[in-house]
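Please keep the sequence and the 3D view open while reading.

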Amino acid sequence: MSVGDYDPYTGQRLTGHEWNGIKELNTPVPKVVWFFLGVTALFAFVYWVLMPAWPLGVTYTKGLLGLDEREIVREKVVEAARQRTWTQRIAQEDYAAIQADAELMQKVRQAGRTLFGDNCAVCHGTSGKGGPGYPNLADKAWLWGGTPEAVAETIRVGINSDHPQTRTSQMLAFGRDQMLDRTAVLNVVAYVQSLSNPALANGPEKDAITAGKAVFEANCVSCHGPDGKGSTEVGAPDLTDGFWIYGGDRQSIFDTVWGGRQGYMPAWEKRLSDVDRKILTLYVLDLGGK
Amino acid sequence: MISELTRGERRLALAVLTAVAILGLALAVAGRGDILAVHGGLIMASAVVLMFFVISGYYAPEPGEERFAQYYDTPTKAGVVLAMIWAVIGMGVGDWVAWLLVYPEMTFDAAWASFGRLRPVHTSGVIFGFGGNALIATSFHVLQRTSRARLPDQFSPWFVLIGYNLFCLLAASGYLLGITQSKEYAEPEWYADLWLVVVWVVYFSIYLRTLMRRQEPHIYVANWYYMAFILVVAILHIVNNLAVPISFGSAKSYSAFAGVQDAMTQWWYGHNAVAFFLTAGFLGMMYYYLPKRAGRPVFSYRMGILGFWGITFMYMWAGSHHLHYTALPQWVQTLGMTFSVMLIVPSWLAAANALLTLNGAWDKVRDDATLRFMMLAVVFYGLSTFEGSFMSIRAVNSLSHYTDWTVGHVHAGALGWVALITFGSIYAVVPWIWKQPSMYSNKLVEAHFWLSLAGTLIYVFAMWNSGIIQGLMWRTYSEGGTLAYSFIDSLVAMRPYYIARAIGGGFFAVGAVIGLYNVWMTIRQASAERAEAPDAPVVPALARSLQAGE
Ligand code: HEC
Ligand code: HEC
């Protein structure tokens with residue numbers, strides 16, 4: 001095949017090249033291709049003239065529009081903060097005043113939901129209801145107190161965290177550390193379970209529960225209080241209310257008393273602003289209030 | 001296989017394998033107490049096994065002079081099979097991690113089963129394992145046919161193929177063990193990277209040595225693309241992987257770049273890996289198998305040339321569009337964006353040239369699933385390059401970046417273009433080199449085609465939806481001026497799309513399994529025939545020069 005032969009189907013001339021049976025038509029590049037090359041190149045050129053584009057040694061062409069992405073973002077952030085007047089009210093007013101203002105609380109719920117979802121939901125769940133090992137924040141039971149100040153403090157310093165003022169809580173490992181023998185642990189576990197379920201006290205485990213009460217009085221009251229109602233001083237939970245962090249079935253309570261517990265809650269002082277933490281405090285309290 | 005090597009080549013093979021085994025041993029000893037030892041052992045074991053293989057065939061009769069009358073296709077055969085095996089592994093793991101995003105707890109509390117370790121097994125498995133082996137295999141086939149010259153020797157193609165697969169094995173097993181540089185698509189560590197450089201230099205030399213002996217006046221455009229692929233990937237690989245190992249006894253290294261320079265180098269690499277590995281290489285494949293299968297002349301020689309130089313020139317600038325609105329200076333982003341926009345023209349030029357080549361053969365496209373694979377691949381190539389240019393525009397990117405839209409875009413290219421053109425080419429080349437009239441089952445090719453199309457569409461539509469929803473959720477503000485949705489909210493919204501994606505990906509992976517089976521059965525059919533073939537004549541006619549059209 002030589003230059004000048006035609007492809008019968010298209011009527012185009014062939015280039016005369018052939019590779020293992022593959023031939024090529026000598027079709028010229030269609031005009032539309034040159035057109036679009038021109039259009040895109042023109043677009044690029046205009047964009048280069050208007051915007052920061054080409055390097056010149058240590059600087060670069062700034063572009064006729066003088067637009068600088070970082071400057072724009074900086075201005076937007078300042079402007080946004082100026083417009084969010086409600087956050088200034090959050091910063092200044094006290095809890096009771098904010099809680100009384102329905103409109104402001106609406107904003108707190110909106111912002112709080114996202115803040116909670118991004119920072120707290122991994123542990124406490126999206127609805128704040130917690131899960132095994134993580135306390136329910138939507139109930140009335142508080143380990144460290146349910147006043148706004150107490151909750152705000154918990155969020156600020158965390159629990160068993162690396163914050164110098166962290167709240168510290170420790171449920172001792174009575175079984176593993178051999179403070180109590182196995183029978184004593186079993187008895188006290190039966191007793192603890194009867195605290196929130198008084199019907200058990202007259203059941204078949206009556207003796208064990210009585211023995212357990214003695215163990216409790218000797219070992220547990222210092223933290224959980226004489227009637228097992230807990231103490232917000234040391235973060236010891238109320239054992240009579242039927243709310244459980246680690247589970248209220250026999251095995252879970254046994255695991256708690258045998259192996260101990262030490263929940264970890266990060267400190268947020270350095271990670272969230274004062275206003276964001278205040279919003280979260282209000283948000284968390286609002287969960288339980290419903 | 002060994003009987004195809006000359007005695008000298010067998011000795012060379014043993015020498016090289018001994019050297020590799022010693023290197024592996026050295027790594028294992030230097031790296032004792034580190035995971036490097038595992039890889040040292042793996043390298044040594046691979047070399048020793050191959051040494052036994054060479055020794056077992058060492059005294060087989062040497063190949064005669066008549067080999068010069070034939071193309072050397074055994075490495076291509078092996079490469080095709082390896083590509084299909086990697087396709088099944090890579091796509092299988094891909095679907096696994098897709099389900100992992102639906103059921104994140106599916107990790108059996110094992111480190112190797114975590115998303116971060118499995119994902120690169122998927123990406124490297126499909127890009128390097130499947131794509132790379134397919135490129136090597138087809139490039140050997142195309143190079144010989146279009147140059148009318150046999151590969152220069154029998155040893156170096158095997159060195160490239162086996163060496164390359166050793167690299168893939170080190171990569172994949174390393175990820176599972178936790179060895180990674182944490183650079184996307186460049187995860188393997190320094191010793192694997194160095195090994196790949198050696199392999200790649202030999203690969204390029206095969207190309208040059210064959211082209212120098214070509215009996216055609218011109219170099220076909222497919223070879224231009226294959227060579228651009230080999231050459232540029234070498235440059236990208238070397239620059240992006242510049243790093244200092246902690247010691248020769250440690251798998252860990254530190255990159256030569258830091259901060260925003262590191263990010264820019266990485267995405268200059270990453271984007272050009274798309275350009276020269278996933279585009280140029282496969283365009284080379286397309287430019288041979290599509291016109292050949294269609295039996296039509298290439299629509300335009302000039303468009304081929306213009307497209308080639310446009311693509312090679314403009315892609316080089318585009319990488320910074322991966323870093324819009326980041327610490328990267330704005331002027332670099334501008335350049336990345338504008339060149340990406342211009343890039344659409346040469347990209348569509350290549351796609352148009354391919355589609356117009358099919359003029360006069362559309363009846364074949366209708367009847368022949370193999371050709372239809374290639375046609376559809378070109379359509380997806382056009383779609384995804386358009387989408388790519390579109391997404392590189394900063395305003396669009398501010399919505400699409402970091403979302404599943406990007407994932408959808410990548411897969412429109414990876415499934416729709418790269419995998420389809422590869423399957424089409426493999427279904428074309430397998431009967432040719434195994435000397436069969438057709439694949440074992442054309443019905444299975446047809447089934448594979450429809451599974452691939454359905455899978456790709458489900459995948460891409462799911463990711464478009466989820467990506468755009470995600471992007472919108474992340475930028476929606478409440479009237480109080482704070483973000484309206486938390487990240488978890490967007491994850492919950494993604495779940496149905498993740499399920500759809502995993503199903504679409506499942507279709508595609510099942511297609512690959514069918515493909516492997518079909519290839520395997522074709523090979524069995526061929527070897528059954530060979531067993532029945534009559535004896536060869538005592539004096540074979542020695543044809544000195546290779547004929548076109550073989
Ligand atoms: C890493 C998991 C984790 C994260 C994240 C976390 N918490 Fe906690 N949080 C805990 C645990 C565990 C406790 C209970 C500690 C204990 O046993 O005393 C706790 C306790 C609390 C308490 C005290 C409950 C009480 O009954 O007194 C409050 C309030 C609280 N978290 C709020 C938050 C808020 C608000 C956030 C988000 C800014 C948050 N937590 C994030 C794990 C977490
Ligand atoms: C040193 C103080 C201290 C003593 C003594 C102590 N506890 Fe506790 N206990 C705690 C604290 C603090 C927690 C909460 C731990 C956490 O949340 O991580 C706790 C938690 C528990 C819980 C788990 C409650 C839940 O909601 O899941 C049980 C059950 C319990 N204690 C029983 C006992 C019993 C029985 C004894 C005596 C054998 C005892 N405690 C003695 C401090 C104490």
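Chain B is assigned two domains, domain 1 (1-61) and domain 2 (73-547). The model is a predicted one, and every value below is computed from it. The C-alpha centres of domain 1 and domain 2 of chain B are 29 Å apart. Where they meet, 18 residues of domain 1 of chain B are in contact with 17 residues of domain 2 of chain B. On the domain 1 side, helix H1 (7-30) and helix H2 (36-56) of chain B each supply at least two residues. H1(B) gives the most to that side, with six residues. By class, the domain 1 side of this contact divides into eleven nonpolar, four polar and three charged residues.

**Nonpolar cores**

The largest nonpolar core has 172 residues. Those with the most contacts inside this core are B:Tyr225, B:Phe229, B:Met286, B:Met374 and B:Ala377. Helix H8 (residues 259-294) of chain B contributes the largest share of the core, 20 residues. Both domains of chain B take part: domain 1 (1-61) and domain 2 (73-547) each give at least three residues to this core. Another core, of 18 residues, lies apart from it and includes A:Ile98, A:Val108, A:Leu115 and A:Ile279.

What does B:Met286 touch, leaving aside its neighbours within four places in sequence? The residues in contact with B:Met286 are then B:Ala354, B:Met374, B:Val378 and B:Ile421.

**Chain A**

Chain A has twelve helices and four strands. Its C-alpha trace spans about 110 × 60 × 40 Å along the principal axes. The radius of gyration of chain A is 35 Å, whereas a compact globule of 290 residues would have one near 19 Å. Of the 290 residues in chain A, 27% count as buried. Among contacts in chain A with a separation of 6 or more, 54% join residues 24 or more positions apart.

Chain A is also divided into two domains, domain 1 (86-165 + 265-289) and domain 2 (182-259). Their C-alpha centres lie 30 Å apart. Eleven residues from domain 1 of chain A and nine residues from domain 2 of chain A make the contact. The domain 1 side of that contact has seven nonpolar, three polar and one charged residues.

**Contact between the chains**

How many residues of chain A are in contact with chain B? The contact takes in 46 residues of chain A and 40 residues of chain B. On the side of chain A, the elements that give two or more residues are strand S1 (14-19), strand S2 (22-25), helix H1 (31-50), helix H2 (69-83) and helix H5 (102-119). H1(A) gives the most to this side, with nine residues. By class, the side of chain A that touches chain B has 25 nonpolar, 13 polar and eight charged residues.

**Ligand shells**

The surroundings of the two ligands are set out below.

| Ligand | Residues around it | Nearest residues |
|---|---|---|
| Ligand 1 | 25 residues | A:Cys120, A:Cys123, A:Leu143, A:Gly263 and A:Met265 |
| Ligand 2 | 27 residues | A:Met171, A:Cys220, A:Cys223, A:Tyr246 and A:Gly263 |

A:Gly263 is listed among the nearest residues for ligand 1 and for ligand 2. Around ligand 1, helix H6 (121-124), helix H7 (148-157) and helix H12 (274-289) of chain A are the elements that give two or more residues to the shell. Around ligand 2, the elements that do so are helix H8 (182-196), helix H9 (206-219), helix H10 (221-224) and helix H11 (250-259) of chain A. The shell around ligand 1 has 19 nonpolar, six polar and no charged residues. The shell around ligand 2 has 17 nonpolar, nine polar and one charged residues.

**Backbone details**

Two residues other than glycine have a positive phi. A:Asn160 has a phi near 50° and sits in the loop between H7 and H8 of chain A. A:Asn160 counts as partly exposed because it has 17 C-beta neighbours inside 10 Å. B:Tyr185 has a positive phi of about 65° and is placed in the loop between helix H5 (156-177) and helix H6 (190-212) of chain B. With 19 other C-beta atoms within 10 Å, B:Tyr185 is partly exposed too; a residue counts as buried at 20 or more.

Note on methods: Residues numbered from 1 in each chain as written. Chains lettered and ligands numbered in written order. Predicted model: local features only at pLDDT ≥ 70, side-chain atom pairs only at ≥ 80, totals over all residues. Core = buried A, V, L, I, M, F, W, Y, C linked by C-beta atoms within 7 Å. Buried ≥ 20, exposed ≤ 12 C-beta atoms within 10 Å, placed from the backbone. Domains from an automatic or database assignment. Contact = placed C-beta atoms within 7 Å. Rg over C-alpha atoms; globule rule 2.2 N^0.38 Å. Near = placed C-beta within 6 Å. Nonpolar A, V, L, I, M, F, W, Y, C, P; charged D, E, K, R; others polar.
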